[in-house]
Amino acid sequence: MIMNSQTTNNPMNTLMQSEEEKSDEDRQAYYGAFNSFDWNSSGKISHGSLLSAMRRAGANPTEVEVHDIINELDDGSGHITFNEFCTVMMEKNEEVDQEINYKETFRVFSKDNLGCISADEFKFVFKHLGVKQVEIDEMLSIMDRNGDGKISYSEFRVMMGALPLVKRK
């Protein structure tokens, strides 16, 4: 008997299948939220309805974020299509997922749950990863922007490649 990836219990198939199911579930939820504001069933919602539709779909954007989204998508029609709405929502969900990853990784380093990573905690982890002391000290000096000997969550996020939570003047 010839076995292919569809007949075996391949974990990658299961993962891809569960991601597809999640994507389908997300699209269905987005469709419900979108349709709540598509009054004439045209497949479009007005720019003014975007904030409410996004919140109905589970996102919590600020008015400024919605304004930026509209400026990016605006084709002069004053409306957003369902596909554009899905794209926006998937990007928002990706941002949330990334933030969760930052927080989980931060917790790995911050064993005392004081809201920061001490220099000792940081050094301990990187020494056990085989990083040289000189390199560890250099990383600490770069990350510890305020010089308090601790790495705050905001400083950590920036080290991980995120935008700063608070803009510096």
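Start by selecting Asp97, which is found in helix H4, and colour it so that you can find it again. In this predicted model, Asp97 counts as partly exposed because its relative accessibility is 46%, a value that falls between the 20% limit for buried and the 50% limit for exposed.

Two elements each give two or more residues to the patch, namely helix H3, which covers residues 63-73, and helix H4, which covers residues 82-109. Which of these helices gives the most to the negative patch? The answer is H4, with three residues.

Next, stay with the two helices and select Glu65 together with Lys92. Side chains of opposite charge can pair when their charged atoms come close. Here Glu65 forms a salt bridge with Lys92, and the closest N and O atoms of the two are 3.1 Å apart. If you look at where the partners sit, you will find Glu65 in helix H3 and Lys92 in helix H4, so that the pair, 27 residues apart, links distant parts of the chain. The count of salt bridges in the model comes to one.

Are the two partners buried or exposed, or something in between? Glu65 counts as partly exposed because its relative accessibility is 30%, whereas Lys92 is buried, with a relative accessible area of 13%.

A disulfide is a covalent bond between the sulfur atoms of two cysteines. How many disulfides does the structure hold? It holds zero disulfides, so there is no such bond to look for when you display these side chains. Cys86 counts as buried because its relative accessibility is 1%, and Cys116, at 15% relative accessibility, also counts as buried, since the limit for that word is under 20%.

For the last stop, select Ile117, which lies in strand S3, a strand made of residues 116-118. Ile117 and Lys150 are 33 residues apart along the chain, and their C-alpha atoms are separated by 5.5 Å.

How values were computed. Residues numbered from 1 in each chain as written. Predicted model: local features only at pLDDT ≥ 70, side-chain atom pairs only at ≥ 80, totals over all residues. Heavy atoms only, no water. Helix = DSSP H or I, 4+ residues; strand = E, 2+ residues; numbered from the N terminus. Buried < 20%, exposed > 50% of the residue type's maximum accessible area, 1.4 Å probe, protein only. Disulfide = S-S within 2.5 Å. Salt bridge = Lys/Arg side-chain N within 4 Å of Asp/Glu carboxyl O.
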